[in-house]
Amino acid sequence: MQIKLSDHFTYGKLLRFVLPCVVMMVVTSLYTVIDGFFVSNFAGKTAFAAVNLIWPFLQLVSAAGFMFGSGGSALVAFMLGQGKEKKADETFTMLMMVLAVLGAAVSAAGFVFMPQIAVFLGAGEHLVDDCVLYGRILICANPLFMMQNAYQSFLVTAERPRLGLGISIMAGVINAALDFLLVAVFPLGIWGAGLATAFSQIMGGLVPTIYFMSRKNKSRLHFVRTKLDMRDLVRSCANGSSEMMTNLSGAVVSLLYNYQLLYLAAENGVAAYGAIMYVGFMFTAFHFGYAIGCNPIVGYNYGANNTGELQNVLKKSLTLTCLVGVAMTMLAETMAGVIASVYVGYDQVLREMTAWGMRIFGLSFLLNGFNIFASAFFTGLNNGAVSALISFLRTLVIQVAAVLILPVYLGINGVWLAVVAAEGCTLLVTAVLFAANRKKYQYY
């Protein structure tokens with residue numbers, strides 16, 4: 001039976017509803033994880049370092065997709081909760097059209113200036129060519145990748161999360177198959193890895209576009225005739241600014257990590273950080289997927305003024321976040337050596353550095369789920385300011401300070417510990433913000 005936004009959510013129903021989003025985020029995170037595995041093992045650690053150096057820029061330019069998706073889906077869900085079906089369709093269509101135009105413009109500029117960008121990110125003579133090649137291939141697919149990121153949220157609002165899951169699995173299978181074919185079988189190195197990821201991203205954005213254009217679309221959202229509504233555009237962008245901030249800040253912080261690690265451990269440090277980040281992407285994918293799935297539920301019930309269901313979703317979400325956080329931390333601590341061997345087992349020094357870094361970094365999985373969910377929860381309540389503050393502190397302000405200060409006293413261990421410190425400090429602020437807004441939203 002199809003689960004609707006207006007339903008009462010038990011633990012089982014909540015998990016079934018958000019599961020497609022969780023899997024979608026895991027599959028999306030696998031784009032770089034799979035590329036990294038094949039590049040590292042078949043092209044070597046220099047090519048692996050080049051991919052990790054240019055990736056923050058690619059992450060940065062795709063961030064608008066999450067902003068439009070999270071902020072826009074919360075607004076559209078709010079309209080659906082008020083019974084404004086036609087307005088919801090018009091707003092959805094308008095947002096996706098603006099995103100497509102924005103993506104094309106940003107990608108064109110990125111393609112032209114990719115050499116300068118690679119040098120700015122710290123690529124030396126032995127890395128710059130690989131950085132530019134990988135970056136230019138992926139930037140060509142970026143407009144559709146941005147749309148794919150936005151569709152992850154809108155397909156949930158349209159009550160078609162399983163379709164989103166199917167599309168993500170399809171794109172992930174394409175990526176893995178082409179990586180194997182173009183990197184392992186035919187040794188095309190970074191060129192092959194870039195083509196594999198770009199093609200999977202194109203398919204991930206194109207298929208849902210065709211679906212929403214089709215007359216056979218029976219979901220709650222449709223592409224319709226629309227016009228530019230600056231008020232709704234600004235509301236969506238402001239509300240989704242926390243999700244964009246997460247990605248923008250992640251890119252900026254990755255640059256700082258790479259700079260620090262280049263100074264402290266040269267090429268090995270960047271390669272170790274890349275392997276640790278790949279695991280981080282996959283582990284936090286659960287929390288981001290859960291947040292995407294819950295966002296429309298919160299927005300719908302807020303629009304319908306159903307405070308009882310808001311309280312129910314919040315209580316169950318915090319419990320699930322705690323359980324998953326404990327499980328992820330235990331897995332990271334016990335599997336650190338195995339994970340390091342998968343990516344960099346060909347280099348004993350690099351493998352030991354990666355395993356030790358993973359054990360320190362893995363402590364952050366106890367905390368980050370609460371901050372990720374809290375930011376998305378306030379996005380669902382259409383309170384972009386509080387949501388953005390949580391993301392801003394978590395992913396930029398505190399983490400930048402930590403990655404600049406801690407290595408001075410702790411060396412490379414300070415780099416691995418920076419994210420743990422940032423998540424812990426942000427969690428304290430998150431608790432205060434929940435208490436301060438309790439009376440306004442009555443979520444407990």
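Start by selecting Asn305, in the loop between helix 10 (241–303) and helix 11. Helices here are DSSP runs (H or I, at least four residues), numbered from the N terminus. Phi of Asn305 is near 60°, a positive value in a residue other than glycine. Most residues other than glycine have a negative phi. Asn305 is exposed, at 63% relative accessible area. The bands are: buried under 20%, exposed over 50%, partly exposed in between (1.4 Å probe, protein chains only).

This is a predicted model, where local features need pLDDT of at least 70 and side-chain atom pairs count only at pLDDT 80 or more, while totals for chains, interfaces and linings use all residues. Residues are numbered from 1 along each chain as its sequence is written, and side-chain values use heavy atoms, with hydrogens and water left out.

Next, Glu159. Select it in the loop between helix 6 and helix 7 (161–185). Glu159 also has a positive phi, of about 60°, and is not a glycine. Is Glu159 buried or exposed? Glu159 counts as buried, at 6% relative accessibility.

Move to Leu331 in helix 11 (residues 307–344). Leu331 is partly exposed, with a relative accessible area of 42%.

Now the aromatic rings. A pair of rings is described by the distance of the centres and the angle of the planes. Rings of Phe, Tyr and Trp (its six-membered ring) pair if their centres lie within 6.5 Å; planes under 30 degrees apart are stacked, over 60 edge-to-face, the rest tilted. The count comes to 24 aromatic pairs.

Select Phe92 and Phe212. They pair edge-to-face, 4.8 Å centre to centre, with 65° between the planes. This pair links distant parts of the chain: Phe92 sits in helix 4 (residues 85–112) and Phe212 in helix 8 (residues 189–213), 120 residues apart. Phe92 and Phe212 are buried.

Tyr151 lies in helix 6 (residues 125–157), 61 residues from Phe212. Tyr151 is buried, as is Phe212.

For a ring cluster, select Phe78, Phe286, Tyr290, Tyr302, Phe373, Phe377, Phe378, Phe434, Tyr441 and Tyr443, linked by ring pairs.

Two charges over rings come next. The rule puts NZ of Lys or CZ of Arg within 6 Å of the ring centre and within 35 degrees of the ring normal. Arg136 lies over the face of Phe111, 4.8 Å from the ring centre. Lys316 lies over the face of Tyr11, at 5.1 Å.

Return to Tyr151, one of the residues lining the second largest pocket. Others to select there include Thr93, Met96, Met147, Thr209 and Arg225. A pocket is an open set of points on a 1 Å grid over the protein atoms alone, where a 1.4 Å probe fits, with protein on both sides within 12 Å along at least five of seven lines; lining residues have an atom within 4 Å of a point. About 150 Å³ of space lies in this pocket. Which helix gives the most to its lining? Helix 4 does, with four residues.

Finish at helix 9 (residues 230–239), where Asp232, Leu233, Ser236, Cys237 and Asn239 are buried. They cover an arc of only 170° around the axis, which puts them on the same side of helix 9. Asp229 caps the N-terminal end of helix 9, with a side-chain oxygen 3.1 Å from the backbone nitrogen of Arg231.

Key. Helices (H or I, at least four residues) and strands (E, at least two) are DSSP runs, numbered from the N terminus. The arc is that of the directions from the helix axis to the C-beta atoms. A polar contact is a pair of N or O atoms within 3.5 Å; within protein, one must be able to donate a hydrogen and the other to accept it, and residues adjacent in sequence count only if both atoms are side-chain atoms. Grid points are joined across faces, edges and corners, and a volume is the space filled by probe spheres set on the points.
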